[in-house]
Amino acid sequence: MEMKHLTLLLSLFSFSAYTASPLVALASSPSDGQSPSYSEDQPPQTVSKIPSNVNPKLKKICQEVNHPTECVTTAGPFLGETADISPVTVLQAEIEAIDSKAKEALAKATKLAADPTTSKTITFPLKICIDGYKAILKNKQAILDAISKRDADELNMELSSNVDHISQCEDAFEEAKINSPIPELHSLLGKMIFNSINIGVDMVDFENKN
């Protein structure tokens, strides 16, 4: 249990630096108000923006994460109408959503990197992002396997590794002192990944079989 929370704190630190960066501030939508920067002591965002017609069980889970609106809008479509909504099923839905969004990011980044008109200054960090998106896609099965095996430590480790992949992409653009050509997409993917950690670490309790 101590290792589980230590890993979470490291992930929170990593992602707090990520969300506080100029690129993510640029990528934040107007509805966000300001670029998010969280620590383990800060409460999640207000739930006032969550649509009123959301399933109450989904709303209850999503209001506990750092990006409630994104939780509802990304995980919701991957939950069946008759799904037994619980932290585990919402996490599984969010993992599917992350997979879908990572594929979209990979396709756009790959196309831009292959475009001869794209500056070499942008191409280098894009290639790092491409590697990261591929790693996130590859990591999907490991996360689902950890859920199936009810292995909390492995689940935490695999979820946290996604933060590393998305942060490395961010760092590459910061070091190059340029902005990502797909900031909104990259920022949304980052928020989804962080939500998955909120759910997987703070809410999923395999001992209670939730």
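Q: Axes are lines fitted to C-alpha atoms, for helices over the stretch in contact, and angles run from 0 to 180 degrees between N-to-C directions. In this predicted model, how are H7 and H8 oriented to each other, roughly parallel or roughly antiparallel?
A: The axes of H7 and H8 are 10 Å apart, and the angle at which these two helices pack is about 160 degrees. Angles over 145 degrees count as roughly antiparallel. The orientation of H7 to H8 is therefore roughly antiparallel.

Q: How are H4 and H5 oriented to each other, roughly parallel or roughly perpendicular?
A: In this second packing, Cys 71, Thr 74 and Ala 75 in H4 meet Val 90, Ala 93, Glu 94 and Ala 97 in H5. The axes of H4 and H5 lie 9 Å apart, with an angle of about 80 degrees between them. Angles of 65 to 115 degrees count as roughly perpendicular. The orientation of H4 and H5 to each other is therefore roughly perpendicular.

Q: What is the handedness of the disulfide of Cys 62 and Cys 71, left-handed or right-handed?
A: The sulfur atoms of Cys 62 and Cys 71 are 2.0 Å apart, and the two residues form a disulfide. Cys 62 is buried at a relative accessible area of 0%, and Cys 71 is likewise buried at 0%. Because the torsion about the S-S bond of this pair is about -65 degrees, the disulfide is left-handed.

Q: Which helices hold Cys 129 and Cys 169?
A: Cys 129 and Cys 169 form a disulfide in which the sulfur atoms are 1.8 Å apart, and the torsion about its S-S bond is about 80 degrees, so this disulfide is right-handed. The pair ties together parts that are 40 residues apart in sequence, because Cys 129 and Cys 169 lie, respectively, in helix H6 (residues 120-149) and helix H7 (residues 152-176).

Q: What pattern do the disulfides of the protein chain follow?
A: A search of the whole structure finds two disulfides. One of them joins Cys 62 to Cys 71, and another joins Cys 129 to Cys 169. With bonded cysteines counted along the chain, the pattern is 1-2, 3-4.

Q: How many residues apart are Glu 70 and Lys 191?
A: Among the seven salt bridges of the structure, one is formed by Glu 70 with Lys 191, where the closest N and O atoms are 3.7 Å apart. This pair links distant parts of the chain, since Glu 70 belongs to helix H4 (residues 68-75) and Lys 191 to helix H8 (residues 183-202), and the separation is 121 residues.

Q: Is Lys 103 buried or partly exposed?
A: Lys 103 and Asp 99 both lie in helix H5 (residues 87-114), where they are four residues apart, about one turn of the helix, and their side chains meet in a salt bridge at 3.2 Å, N to O. Asp 99 counts as buried at 9% relative accessibility. Lys 103 has a relative accessibility of 48%, so it counts as partly exposed.

Q: What is the relative accessible area of Lys 149?
A: The side chain of Lys 149 meets that of Glu 154 in a salt bridge, at 3.0 Å from N to O. Glu 154 is buried, with a relative accessible area of 18%. Residues over 50% count as exposed. Lys 149 is exposed, since its relative accessible area is 52%.

Q: How far apart in space are Phe 124 and Ala 176, C-alpha to C-alpha?
A: Phe 124 is placed in helix H6, and its relative accessible area of 57% makes this residue exposed. Phe 124 and Ala 176 are 52 residues apart in sequence, whereas their separation in space, C-alpha to C-alpha, is 8.8 Å.

Technical notes:
Residues numbered from 1 in each chain as written. Predicted model: local features only at pLDDT ≥ 70, side-chain atom pairs only at ≥ 80, totals over all residues. Heavy atoms only, no water. Disulfide = S-S within 2.5 Å. Buried < 20%, exposed > 50% of the residue type's maximum accessible area, 1.4 Å probe, protein only. Salt bridge = Lys/Arg side-chain N within 4 Å of Asp/Glu carboxyl O. Parallel < 35°, antiparallel > 145°, perpendicular 65-115°, else oblique. Contact = heavy atoms within 4.5 Å.
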